[in-house]
Amino acid sequence: MQTVEAPPVANAPASTSRLAEEEWTEVIQPRTRLLDLGLADVWRYRDLVLLFVRRDFVSTYKQTVLGPIWFFIQPLLTTIMFMVVFNGIAKIPIGDAPPLVFYLAGVTIWNYFAQALTSTSTVFTTNAAIFGKVYFPRLTMPLSIVLSNLVRFGIQLSLFLLVWAYYMLTTDKLHPNGYLLLTPVLVVLMGLLALGLGMIFSALTTKYRDLAMLLAFGIQLLMYATPVIYPLATISARTGWLRWALLANPLNSIVETFRYGFLGSGTFSWAYLGYSTAATLIILLIGTIVFNKVEKSFTDTV
Amino acid sequence: MSDIAIQVENLGKLYRLGEIGTGTLSHDLNRAWARLRGKEDPFAKIGETNDRTTKGDSDFVWSLKDINFEVRQGEVLGIIGRNGAGKSTLLKVLSKVTAPTTGRVKVRGRIASLLEVGTGFHPELTGRENIFLNGAILGMTKAEIRSKFDEIVDFSGVERYIDTPVKRYSSGMYVRLAFAVSAFLEPEILIVDEVLAVGDAEFQKKCLGRMKDASSNEGRTVLFVSHHLPSVKNLCEKGLLMSNGTVKAFGGITQVLEQYQSIDSSQQDGGRENIPQNTPVCFTGWSLTSGNSENVHATYSKESVIFKLNVRCSQDSDRVEFGFILRDAENNIIVGINSRDNNEDFLSIKEGEHSYLFEMNLPLKPAQYEVDIAIAVNGAIVDHWVSDTKLRVLSRYETVLDDRWSGVVNLDFKFLEKC
């Protein structure tokens, strides 16, 4: 029979503990360094990210009759609604581009951003059950959400391309140009911006749930502040503080450039796109830091 | 030093009780301000120990406090304790689900934790899809899962339904599939929390066997939390007993289980507080010699023990006899003996302090028993004493039955013939 051992002495001499430090695979402690983002860990779990994407995709349309066709119906209905309200009734000028193509372009890229942001922002609250039971790099969750939305965006983009090709063949109102090649960059920027903002909000909603309500409203408001249903020129033409406040929105140049490449109507500026890129990266960095800080203890507050 | 898999140093975890949400913004600002000035967290100070039975004054509670222990590679550590003792919190911290408030844990090797079976199972997905998803959540790569896929399906025994969405599974099938995935994880350290509470007996046995395999054949370290003490006893070499967020005992599983059984009893020494002055003979205390331990008040069931009754005699007396009774919690007399049993004669006693020693075997079910003794001179009772110290009979967890099935006596049995 063994005797009951006393707990080992906690404070080992500093020298020996420092030597042993390097042998440990991992040290769990209250706080980690600010910039310790654990990206290597995320890479190790890359299969998980892809499986999450697959799960989202498969589970959304199981037991629906139309299946992935719903991906088309939703932006089409929104576009038609916008055409009726903003073009038909409010008569907001959109230049000489065909309204269907103009609105569909805006709606397609905006939906991608809005959906990704909305679902990322509640990542902690909706996954609390999973997160509370098992550890995997939490960043995989928002990443997979943005990727799922990217797939969805890809499908919706093909719808847009169909409509766009139809108008290219039947009218001469579209003037596509070389900036079209920037589209992948724009898509990535949009995704990263949604990811960054989403992570900031997800971190805050763990404690202050009011933000989730506020965000749903805020995204809607943001759409009207972004040139989705009107060209960027409408903002630029204004004067006073409102002009600058609206121009500060990093989404502007992304949406505008996307449309400019395909439609040839609107404006393009490298400087403005550069500003958006810088803003996106800063927001992404802040988002990742905040997210990593919260993931350690959110199970106690959710 | 190098064979230590987990080293826990001064681990502590502070929780806030009650409503979280109102008033936190001001608390947060207060905290941030304190931290900014390099002061201590103003709310952490008023924390107290974790005892769910008494209502504390503060909103903060140390769910874990000053936890220190280490686990060697290949060891199976059983973590036991009552509800709310902090076992699950400890596992949560170890599996990185939540961060500790103080202290740290050093880990050598990959940890996989099973705090729940089937974490991340999606009801709409098929068994096959869920194996991959769950495996990935637990830290396996796609290639690893693919290479073990057949074994997993085989272990679970749900091959026929593998392409059916798991929402159509019975709960038993669901659990089998879920445990099967985790059984084929290959981490260096496996953390398991009460997952065996589900599934049928055969499957539970399979799971236990699989865990035993993992440690003895594959050299993995296993941390196992359970309220089912027989399986803890069966599976673990070492034990960690937690109580109110602190470590009560750490060491060999037998000792820890012994401690666990005595956690409720107040530490009394069998002495008598109000010793009567006006009797010729009276008791002053009792104790046991059980195995190698002397002066104890607990013994294992079926063990032969020596009772020691201490008496004080103020005048020489003849024709002395004493009676000895053990009562259970329902006041039933379980044991009743007299010193004159077995043809013994009356006793004589001289003035002074003496002890009566007698040996007996206690094949009783594990519980606490009241010691009720009386002494008589010339047929008249001169002292009667019910000790405040209870005799504790401990379990070795040899039976597979629950407490509710254990009888009053605990007899030896052995097979004479197995057909």
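Which residue of β5(B) does A:Ile28 stand opposite? In this predicted model, the residue facing A:Ile28 is B:Val105.

**Chain A as a whole**

The description starts with chain A, whose secondary structure comprises 15 helices and 1 strand. Along the principal axes, the C-alpha atoms of this chain occupy a box of roughly 90 × 50 × 35 Å. Chain A has 302 residues, of which 36% count as buried. When contacts in chain A between residues at least 6 apart in sequence are considered, 82% of them join residues at least 24 apart.

**The contact between chains A and B**

Chain A contributes 36 residues to the contact, and chain B contributes 48 residues. Three elements of chain A each provide at least two residues of the side that touches chain B, namely β1, α3 and α15. Their residue ranges are set out below.

| Element of chain A | Residues |
|---|---|
| β1 | 26–28 |
| α3 | 46–61 |
| α15 | 298–301 |

Of these elements, α3(A) supplies the largest share of the side of chain A that touches chain B, with 6 residues. Sorted by class, that side of chain A consists of 17 nonpolar, 9 polar and 10 charged residues.

**Strand pairing across the chains**

The strand β1(A) also takes part in a pairing with chain B: its partner is strand β5 of chain B, which covers residues 102–107. The two strands run in the antiparallel sense and are joined over 3 bridges. The opening question belongs to this pairing, in which A:Ile28 stands opposite B:Val105 of β5(B).

How values were computed
Residues are numbered from 1 along each chain as its sequence is written. Chains are lettered from A and ligands numbered from 1 in the order in which they are written. This is a predicted model: local features need pLDDT of at least 70, side-chain atom pairs count only at pLDDT 80 or more; totals for chains, interfaces and linings use all residues. Helices (H or I, at least four residues) and strands (E, at least two) are DSSP runs, numbered from the N terminus. A residue is buried if 20 or more other C-beta atoms lie within 10 Å of its own, exposed if 12 or fewer, and partly exposed in between; C-beta atoms are placed from the backbone. Two residues are in contact if their C-beta atoms, placed from the backbone, lie within 7 Å. Ala, Val, Leu, Ile, Met, Phe, Trp, Tyr, Cys and Pro count as nonpolar, Asp, Glu, Lys and Arg as charged, and the others, Gly among them, as polar. Two strands pair if DSSP finds at least two bridges between them.
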